[in-house]
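Q: Could we go through the contact between the two chains in this predicted model?
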Amino acid sequence: MITVDKWAGLITNASPYLLPPGSAATQVNFQCVRPGELESRRGLSSAAAITTGATTASRLIEMYSFRGLTDACGVVVQTNGGQVYYAAVTVGG
Amino acid sequence: MATLLTSGYPTYPLSIARGMNGDIYGVNGQARGFRWRGTGTADGLGIAAPFVDSAGVSTGGSLTVTLAGGTAKYYVRAVDVIKAGSGYQSAPVITIASTGTGSGAACTSVVNRGRLTSTRMLSYGNTYEATKVTAKATFPAAQLPGGSGGTLTIAAAGYVQSIRVTTQGAGYTSAPTVAFTGGGGSGATARASINETDGVVDSVSIVAPGSGYTSDPTISFTGGGYSTTAAASVVMSYHIQGVTITAAGSNYVGSPEVTLSPTLYAGSIQAITTDGKITTATITSPGEGYPTNSITATVSPTPVGTPSTAILSPVLSAEFIGKYWMAIRYVEDHGDGEDKVIASSICDLVSVEAASPDAGFTWNWTDLYIDSRVTHVELWRTTADQAIVLYRVAKLAKTVFTYADTVGESELINPLRTDFRVLPILLPNGQVNARRFTPPPSTVSIMAMFQERMWYAGDSATGRANALMFSEAQEPESVEKSNVIFVQENVRGEDQVVGLMPFGSGMVVFQRRHCHKMSFVSQPVIDASISLIGQRGIVNHRCWDTAEGVAYVVDFSGMYTLEGAAITPISDVIANYWKSLADGDIDWAYSQYFFVRADPSTGVVRFVYRPKSGVQNQALCYHSLTKAWWTETYGQEVYSGGLATTSSGTAVRPRLLLGGQLGTLLLADQGYTDLNSAGSPVDIACQYQTGRLPLDAGPSRSVAVLYRPTNSTANVTVGLYFNSSTSPRLPSAYEDDGTGVVFDTTAGITVDMNKARSPLGDSNGYASAKISGRMDPRSTGTDRHLAVALSVTVNTADNAASILGIAIQGVGT
């Protein structure tokens, strides 16, 4: 009998027949951020939508965040179409 | 709602940095970079010099400067003293007058013993005409006849010189005692003598004269058996103890005579004047033997001879004579401070020679292309016969193309002039100065701010792959052409700079297969030091991040950490993702979009990449504390990451932002669902599978899950994978013992973590199920390995999974 309570995370660069207890051959969306616990990750929610008028931007291929012009966080983002936008983003703690 | 700043940067992720002035800059090697001031829209990076574009190619414009001609103009260089005059009790006003054009010249004079000995220019004036300028020194009307009103007060002190008996008294049988009272001093004593026959005081002699008496003391007699008392008076000797200025008076010159009364006692006082007033009075002799303490001083007027006026002669210098060099440059000045002004380099110098004095210059210029950032044009000129230092003549609106220059030599160098600025063409050490404002080339794709300078690299121009360019200090857009150092070309194959990372006291310069540390003290061209850290590189300029002083970097071999100069590989356990041709999962054809982001609030470092079959919604995740790896799959593609640092004015912990595929900035670790490619919430599917564990020959087999109970139904499916099968096998036997395990003939073993499902309630749940499996080491047809998989789908806080352990009976290690 083996007991797994120390989550060592993925080991894929070895034969699955040789993995020590606690290591994983597959670990998707399960996080090991606290010793002894395997937790489902939290989600991704919308912080801001990059739109100008009725136009919605597409892929945001780069961003640069900084202390914003107002209270919010300022973000400069680049779309794959080549546009560069500024947006103020307010997030909770 | 967002603000569109600029466009024209498709496909290749920008490298973005913020300068010390708060402006934001970006380059991606595809076009001229941009600069955004935090308001309005962004502009092109840097301002090209007049008559050339940002690439240095001529735009066809030019500058011409000609002599204005007409009446030559002069300034007053000096006022010579031809005759010193006499009788000046203070410096007279010098009046410089012109009967023609010109104004502004002024000077002061220096008077010594009543004579005007020299002058000193205060301002040179301008536009004077030759032979039409005079200078004269005027006597102040109030300075005659030599001073009055000064008074001094004398303080005296003395001692008892002798005693005179004024009444001899009667009936004295013995000598009385003598006493002194009053007068402010002390120490005087005396002895009386009597005539015993007549019974009178005969005389009084001084035993000690005392000192410090500022007035006469009183003398008295006691004792001696008298019938009528005797009386006496003192004779004092005073001297001058102090002198104070009671009134300073006016119009005195030098040291006026001070007369003392009474005379004959050798006292003397010296009075010294400044600007006609008595400012100092000193005792040059205290005197001796003054019979009274009432000493008076009288200040006499200074004896003055017959005044005569000095004769002065102005010395003129031509404003425009000799050889001059001129240039113009463009500036962007929005009136928000000198430190916000961005300049171009100067154009090529133009020279003009005035063989004889002239009236000025006429400037004309044309330019077929003026950058939209330009707000003004500046005119710069040297003084005569030097080509070292330029002085700004004028600053004009960019729509002006001609200028009548009458700024003479003296005004040109006058620091009080509104437009005055100095611009050495070269610095004393030979460095380029007036032409240092060269924009960075549009072929650079990487930038980073380090030690007051903006650093540029990733130049796609021929032969520049390892060029490391840097701006002038605190001028991020000024990248003079000689501001470049080269990272060593590596042997056995070309490498190229693809990333810059400011890191502690140095900046790490990443090539694809190497990394170097660059540091400098003050001037990189002179004292920069580049040393190889190791033979690990980086995928692109976004594949690094730092957390708690450690840099996490991904190259084509894996992820490694960089602490100081120590490289530590950390992804060996999942190295097959990078190195295996067979089961490597990374599609390098899209590597330009890969990035690394460390989330300081959770300690998770994510390497976001695109798998060989799929889209860019995968991340390899590493935790800095547990040292564990896992993968994450997101509901939509993500291409960039950043940190949000504020919230409604209240500082909060940094939060990870990801750039999604629908123009949406996604906040990580928020909620329990993802947004999918259609923008709708989607559940998060979590999977875990152990390695293939060897079955033992024991008779009992079971699998148990230790979990944290949830508030609602949260089913964890337990999959059993025997041997090398990729399909789970349903257990042939099960047992629902009420701890949360249910058996479904389709799904297999399921553990409902709902706290209401188990009698254990809020306590940690422990659900166990018996499982099947055959093991006989003597047979080839039996089961030999078992892998246990857990899977759960999460979409609310109430079914978020937290697994604390798995116990598998019937397997060994």
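Q: How many salt bridges does the rule find across the interface of chain B and chain A?
A: The rule finds four across that interface, a salt bridge being a side-chain nitrogen of Lys or Arg within 4 Å of a carboxyl oxygen of Asp or Glu. One of them joins the side chains of D674(B) and R41(A), at 2.5 Å from N to O.

Q: Which classes of residue make up the side of chain B that touches chain A?
A: That side has 54 nonpolar, 42 polar and 13 charged residues. Here Ala, Val, Leu, Ile, Met, Phe, Trp, Tyr, Cys and Pro count as nonpolar, Asp, Glu, Lys and Arg as charged, and the others, Gly among them, as polar.

Q: What area is buried between the chains?
A: About 8,200 Å² is buried between chain B and chain A, with 58% from carbon and sulfur atoms. Buried area is the accessible area (1.4 Å probe) that two parts lose on being put together, summed over both.

Q: How many residues does each chain bring to the contact?
A: Chain B contributes 109 residues and chain A 82 residues, with contact meaning heavy atoms within 4.5 Å.

Q: Turning to confidence, what does the model score?
A: The model has ipTM 0.96 and pTM 0.77. For chain B the mean pLDDT (the predictor's confidence in each residue, from 0 to 100) is 89, and 93% of its residues reach 70 or more.

Q: What conventions apply?
A: The model is predicted, local features need pLDDT of at least 70, side-chain atom pairs count only at pLDDT 80 or more, and totals for chains, interfaces and linings use all residues. Residues are numbered from 1 along each chain as its sequence is written, chains are lettered from A and ligands numbered from 1 in the order in which they are written, and side-chain values use heavy atoms, leaving out hydrogens and water.
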